[in-house]
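Hi everyone, thanks for coming.

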Amino acid sequence: MSFVLCSNCFSDQGLRLDAERIGDADDSKCQNCGQASGRKLTKERVEALAHRFFVWGTLHKCDYGAAPIVQFNEHQKTSISTAARFKKDIELISNTLGVGFFCYGPRLWMVGEVEPLKALQEGHSRAAIIQRIINAN
């Protein structure tokens, strides 16, 4: 297995704890920080850590849906403003994975902006929408 980081590489306590949870126990020295005591992470696990912490961690819940505030991919450069305690960790993850973190403008259906759903909330159109749903099955 090719380890790229370890839990000790992270400055933020929450990221470090999450990395400990998903990392592998291995006595080898980390190729990034040189410590042997941290739980080791492959590139895949670093990506899972970033997704758990930054994407799911910024999930904005609405009455009829939810969407993350932050997303990352290999096509964008990092453009988010964060607390100082995250800057080094975001840079570390960005460099390790070759990704950038950015503010995510979700598709409106993800946050419940759906015409039939809006029509269900209106008394005069509710019956027609319910019938449409019944007929669709």
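Helices are DSSP runs of H or I with at least four residues, strands are runs of E with at least two, and both are numbered from the N terminus. Please keep in mind that this is a predicted model, where local features need pLDDT of at least 70, side-chain atom pairs count only at pLDDT 80 or more, and totals for chains, interfaces and linings use all residues. Residues are numbered from 1 along each chain as its sequence is written, and side-chain values use heavy atoms, leaving out hydrogens and water.

Now to the helices. On the α2 side, K43, V46, E47, A50, F53 and F54 meet F86, I90, I93, T96 and L97 of α3. The two helices pack at about 140°, with axes 10 Å apart. Axes here are lines fitted to C-alpha atoms, for helices over the stretch in contact, and angles run from 0 to 180 degrees between N-to-C directions. That angle makes α2 oblique to α3; under 35 degrees counts as roughly parallel, over 145 as roughly antiparallel, 65 to 115 as roughly perpendicular, and the rest as oblique.

What about α1, residues 13–22? Its axis and that of α2 come within 10 Å and cross at roughly 135°, which makes α1 oblique to α2. From α1, the contact uses G14, L15, D18, A19, R21 and I22; from α2, R45, L49, R52, F53 and F54.

Next, the rings. There are five aromatic pairs in the structure. Rings of Phe, Tyr and Trp (its six-membered ring) pair if their centres lie within 6.5 Å; planes under 30 degrees apart are stacked, over 60 edge-to-face, and the rest tilted. F53 and F86 pair edge-to-face, at 5.8 Å centre to centre and 65° between the planes. F53 sits in α2 (residues 43–55) and F86 in α3 (residues 84–97), so this pair ties together parts 33 residues apart in sequence. Ring pairs link F53, F54, F72, F86 and F101 into a cluster.

Methods
Contact = heavy atoms within 4.5 Å.
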